[in-house]
Amino acid sequence: MRYLRILLVAGLLAGVAALLYTHLTKDLETYGIHDAHARPISEQVPEGLADMKASTCGSCHTEIYAEWQTTIHARSWSEDYFQIDWAYDNKKQNCLNCHTPMKNQQTSLLVGFEDDDFWKPLLESNPDFDASFQQEGVTCAACHVRNGSVMGPHGVEDAPHATTYNPAMRSGMEVCVRCHVTGATNEVSIGSPNICTTMNEIEAGNIQPNCIDCHMPPVTRPLVAGYPARKGRHHYWRGGHDPAMVAKDLDIAIKQVAKKDGRFTYEINLTNIGTHHKLPTGTPDRNIVVTMSLLDEDKRIVKSKTHKIVRRILWRPIVFELSDNRLEFNKPQTVEFSFNIESSSGRHFLNVKADYNFLEQWRRDQLALPESSHAGYRLLEKVIEIQ
């Protein structure tokens, strides 16, 4: 009875400590803001255009506009996960510089920073705020409008608006890097546990990052109806939200390595065969859960084991990477699964499945995010008969 009371008191104290920890550290700014993310993009409407909205661009560039409408970029402002997470994080202005990156997409006008601290923006009411422009999220202008001109990887002389040829847009990462690398930490960080390390992961393999080769597949078509066809890129940017895109990157190989007196051992080899960055990449919430199950002849689970592929980061009171076992390109990760089967118990099967998740369950609970929002999906599943 005495030990039970001790356990109850210890559990109560741990709960209070966790509550105080969360409350007292929630507003700590434990990582820095890179200069590239500190300000929205401030641009004039190119000559010849009425505005910089994607819907305006789409009146001529119909195929590209239709592709953009299907993307996460187009929903970067409106999706519920961002809105809920942003509200939980006290609606910090710097988040908008990637989710609604154009100055006139933001209700407030950034006029400076207190004590040159990017976490302390000085804001005024934005007289040029456009609510419909805000709804477009990462819109065409975020990538293509610079210095009052529409920038692209091709030179166009007879466009109805100002254009600029920029060969850097063929580099494979020139535009993407503004938002998809957050390479800033500060004095309360240990090491360099950047929030999003996609570029770093590729470079660690001595590979030159090239986002567009995978995320913007090549296509030959007219830029505008009536123009001649030319080499270009699809504007889909498929990634973690597209099961087919991710499934092609993961290989699962099943190998029996031991069998003796009804005792079986299998090796499950997991390999990232398709992407030069780690799998999964992006926000540390993302993870892959591999479940290995022994099934009887009625496909009922007799025994199971799970293996989680995830990056774990301590955020407060310091930023510190606790562990990272995500799949590096072409480097297999092996998990063993052992079990006993009685010879008289009929046929048995080994089921191996991999599920992609956008959030850890505790994080979903913390945000009170509906289960239907950013729901995970089945990546791969294999079933073999035990011989």
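1. In this predicted model, Leu 379 touches Pro 243, Val 246, Ala 247, Leu 250, Ile 288, Ala 354, Asp 355 and Tyr 356, leaving aside residues up to four places away in sequence.

2. Leu 379 also belongs to the largest nonpolar core, which has 31 residues. Within this core, the members that touch the most others are Ile 268, Leu 270, Ile 288, Phe 339, Leu 379 and Ile 386. Two or more residues each are contributed by helix α11 (243-247) and by the strands β8 (250-260), β9 (263-272), β10 (287-296), β13 (333-340), β14 (348-357) and β15 (377-385).

3. Helix α3 covers residues 62-69, and its buried residues are Ile 64, Tyr 65, Glu 67 and Trp 68. Viewed down the axis of α3, these residues fall within an arc of 160°, so they line one face of the helix. The partners against which the buried residues of α3 pack are α2 (54-58) and β6 (218-222).

4. For the protein chain overall, the element count is twelve helices and 15 strands. Of contacts between residues at least 6 apart in sequence, 64% join residues at least 24 apart.

5. The chain has 387 residues, of which 40% are buried. Its accessible surface is about 20,900 Å², and carbon and sulfur atoms account for 54% of that area.

Notes: Residues numbered from 1 in each chain as written. Predicted model: local features only at pLDDT ≥ 70, side-chain atom pairs only at ≥ 80, totals over all residues. Heavy atoms only, no water. Buried < 20%, exposed > 50% of the residue type's maximum accessible area, 1.4 Å probe, protein only. Helix = DSSP H or I, 4+ residues; strand = E, 2+ residues; numbered from the N terminus. Arc of directions from axis to C-beta. Contact = heavy atoms within 4.5 Å. Core = buried A, V, L, I, M, F, W, Y, C linked by side-chain atoms within 4.5 Å. Areas by Shrake-Rupley, 256 points an atom, 1.4 Å probe, with all protein chains shown as cover.
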